[in-house]
Amino acid sequence: MMNSLGHLGKRSVYPVLRGELSAADQPFFDLAEFDMELVLDKRGPENRLGFALQLTLLRRLGRVPKPKDFPGLPASVVEYVGAQLGIEDPASVVLQYGAQDGLTRRHAQEIRTAYGWKPFPEGQNALKEQLASRADNTEDGVKALQRSAVAWLLDKRIELPGESTLYDLVRKVREDTDISLWVKLVEPFGTPGQNQVLDDLIVVPEGELRSPLAELVRRPGKPTWENLLSALGRRKEVLKFGLHLADPTIAPRRLTHLAKFATERELRGPKRRAAVVAALTRLSETSTDDAVDILDHLLDGIIGRARRKTNNDRIALFEDLLMAAVSANEPVEDLFDSEKEQVDPSTGEITVPAADTTSVREFINALGDRQGLEEASAFIKTLAPPPGSDFERARRAEMIKRFPALQERLLQIGESLPYAADPDAQHVLKALWSLPSLLDGSVVRRGDIDERLLVGSWKELVLGSADLVSDAVDEKAYAFCVVETFHSRLRSHKIFVEGASKWGDPKRGLLRGKAWAENRESVAKSLNLPLDPAEQLRRKAGELHRKLRLVADRLPKEKQVKLDACGQLRIDPAPLRRDPRLRKLSAEIERWMPTGDLPQVLLEVLKRTGGGKAITTLTGQAHRLPDFDVTLSAALVALGCNVGIDAVTGNNSPLNKKQIAYVADNLLRPACLEALNDHLLAEQATIDVAKAWRGGYLASVAGQRFIAPPTSLQARTSVDGTPFTTWVTMLSDQAMSIAGKVVAGSPRTSLHVLDVLNDRRARPTPEGTDPDKGRRIIADPGPHEDVVFGLLTLSGYLYAPTPAHLSDTALSRMDTASAEDYGPLQQATRQKIDSELIAQQWDEMLRLVGSVHRGLVSSEDAIRMVIKNGRPTPLGQAIAHYGRIPKTIHILDLFDNPDFRRQIEAQSNLHEARHKLAAKIYHGNEELIHRYQTGMEEQLGALGLILNMIVLFNTLYIDVFLKKKAAIGRPVPEELIPHLSAFIFKHINMKGRYAFEMPELPDGIRAVGEPEDFDIDNSPGTN
């Protein structure tokens, strides 16, 4: 559309109209009864049409067109509105409107008055407050804040100003909040001497390689008891500065981001010192976390080694156990068969069982292999736990053999860190602290121990040994019982470490008391939620009612929809059938794509984007390495393909081993990886085919498991002894990764969705952003999906799992709509949403979600807080009831709108395709090269960059293919283009000796052939 209603730059955040009027846009241009009354009151067809266009364009775009804009309006819009008014040749009629500027202004004012729209100046101050709250609580950049502002203005029916006006306002708000943060952090260091302390921390002393702050930031080595002592010493050094987050108005998430720049020496003034303060403040928590990480890994080694040995023993005995079970089962089957009717298969004659006159003893004596049965029974008995025990007995008995190693470390385990506990776990801590004195060599008696810890087989192992004298206990078994229980409670956060973040008290981060009172209004504005839920609930109830009524009205009145045995709406979880023409088209594209080695793809992308300029030295200066793109590509391949530096080393200078190692160790920092990724996102946004891939309106979050080094602090050992870590990533619908997080083990993605969403810096930049676009998130909800729906909705996202991800499809209605008749959906909507419970818990809901939003509490801890023993707390129930509103609307969309469902499933499939490509790229060593979280994040960040570079490369050439296809008169049907995948890879060589040579690029791209000269059959049924 034209500049005044469209966009000033090539990537606008304002709503736009392009080409044909889409089905999604049509409701904005439908004229209702009230609309028609106003329109038909105008004289002449040109005035009626012009008035109707002003009305509908304001509704859709948030702005009324100027008189000069009418000739450039999309023909499809003019024809659609004109048809409703019965106007012939509306394209000619509309040209007559706008000749009198005063008339168009009067019409615009009448529309504003009738529909409650306000001019921008009347809402400007409220918008500033809204943006300031958002900027204070998040690290949203100017572009993201612009999108938030557009959505807020449209929701409040405030006309959009000129885009440059909004940009300047947003940029000023962002700058003011940043400066305010820096001043708050540096303010306590007011004297020159205190400032000098901060400055000295980032100066590299003569003869040293790193500054004092850089040394403190370095994480400890692999998990050993010696390195635990080093980590505790590092923690002590950090705590000497006495820094902690005392100002409740500072969001920890902003502090974490600012801390990343502490070692960037190009920073000057308040930001530089503020970054140092932020880094020390964060280190006061993370240094404690690092020490607990090591302790957790060491405890897991003590317990896990015994588990792996007993698991191996059980596997070795499996065949014998199976044969014994078969032997024992045969006489039992015979015994039961003797009481059943017997049918002769040849004659069909039925023999009725005779009266039972045989005793069990006689039956056993009559067995052919009584001795075999006795041996099988005895063997099974040796493996089965005794009554009151459990299957952990063998593992625990094996663990007790390692008592000397445990006894040596008890003081380090129990007294090296400031532990605290929930009330129901305080007795575990007391038992841990009492162990050293209990094990002083004297006999330990039952009165000395806490028998509440003796659960399952521990009771037998601690109290039941035949070697014990009366009233004595097995102190070795008791010591392991206490330590294992302590470790379990530590991992479940019932025991925590004061001053830690990851291992701290999850409830400590919750805004409370004075801090909540001071931040309550700011948090609510930032989340765009009201302090009083009444109006919000009325609006949500209206949305749900209209959706239920809309779907119900389209269903047969005489027949209820199909419900399953649990009374839930029946939706087949199998993905909908895709257009078979896609397979033919995709195969042709893969055959046509230019081939080459992976490094050549990376070099081409770096040249096209200028991405190498995003990589700077530690001082923030541009690098001076010759042929830097070659060295950078080699470092990315070494890390991202997990092949190591030796595999990419060559004889020339750019491929010198030391030079590659320098780039990998010093230049591929998170800030540089993020900057390079921004170049890739910006470049892809300019390619036409990427705009057809739903334009950045959807995103998905999913995890991919990697085998980690056994000594990794981020590893969690599976039951088979394999250590895993998970890379949780966020993927836009344009196939670009925009966020990632490394988490230990193989957790449910739903536990980390909000953290990945809130921590991301790069964001998709859709053109023509609407209030509900760019916020739809696809992920596996896991258990308690109603709670996940509620948390994400309160956080400002539209949660959209696929039918295969949903564990139930129960529909709900508001309790205020109990008397409503939803026709075919009446039986399916028996479940009621408790609006009174939501209203009662609203302030607590705001407090919890606001704490996650500010980075005070992780989403994983938030879910744990509202789920206790597998059941939601009253707060969890309120969040779940609130979540059932968007969940019901989402299920109805899946049921009623196949196109919407295909979009959701396509995005989910996109993430699966990315995982497949990642596995192809990551083909080197079985384990990740790095064992520490920072190293893992940098290595997986390199893998993510390679993935995005391949996506950009494929996007570029798919776009070339489509244009060449159109040029030879064989255009690809438009409806197929949004479903093309950028994750194809058969044309790229991932393995072998790599060629780090820039391919020839005549006219900016490789020399490629013409596509095949045949049509993709326009018939959707063609295979």
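Biologist: What should I know about the model and the numbering?

Modeller: The model is predicted: local features need pLDDT of at least 70, side-chain atom pairs count only at pLDDT 80 or more, and totals for chains, interfaces and linings use all residues. Residues are numbered from 1 along each chain as its sequence is written, and side-chain values use heavy atoms, with hydrogens and water left out.

Biologist: Where is histidine 911, and is it buried or exposed?

Modeller: Histidine 911 lies in helix H35 (residues 898–921). Helices are DSSP runs (H or I, at least four residues), numbered from the N terminus. Histidine 911 is buried, because its relative accessibility is 3%. Buried means under 20% relative accessible area, exposed over 50%, partly exposed in between (1.4 Å probe, protein chains only).

Biologist: Which side chain does histidine 911 make a polar contact with?

Modeller: Threonine 729, at 3.0 Å, side chain to side chain. A polar contact is a pair of N or O atoms within 3.5 Å; within protein, one must be able to donate a hydrogen and the other to accept it, and residues adjacent in sequence count only if both atoms are side-chain atoms.

Biologist: What else does histidine 911 touch?

Modeller: Leaving out residues up to four places away in sequence, histidine 911 touches Ser700, Val701, Ala702, Thr729, Met730 and Leu731. Contact means heavy atoms within 4.5 Å.

Biologist: Switching to methionine 845. Where does it sit?

Modeller: In helix H32 (residues 835–853). Methionine 845 is buried, with a relative accessible area of 1%.

Biologist: And which residues does methionine 845 contact?

Modeller: Beyond its neighbours within four places in sequence, methionine 845 contacts Leu794, Ile838, Leu875, Ala878, Ile879 and Tyr882. The C-alpha atoms of methionine 845 and isoleucine 879 are separated by 6.9 Å, though the two are 34 residues apart along the chain.

Biologist: What about threonine 485?

Modeller: Threonine 485 is in helix H21 (residues 475–491). Its relative accessibility is 12%, so it counts as buried. Neighbours within four places aside, threonine 485 is in contact with Val428 and Leu453.

Biologist: New topic, H3. How many of its residues are buried?

Modeller: 13 of the 17, so H3 is largely enclosed by the rest of the structure. Helix H3 covers residues 45–61 and reaches 23 Å from its first C-alpha to its last, close to the 24 Å expected. The expected span is 1.5 Å times one less than the number of residues.

Biologist: What comes just after H3?

Modeller: Glycine 62, with a positive phi of about 80 degrees.

Methods:
Helices (H or I, at least four residues) and strands (E, at least two) are DSSP runs, numbered from the N terminus.
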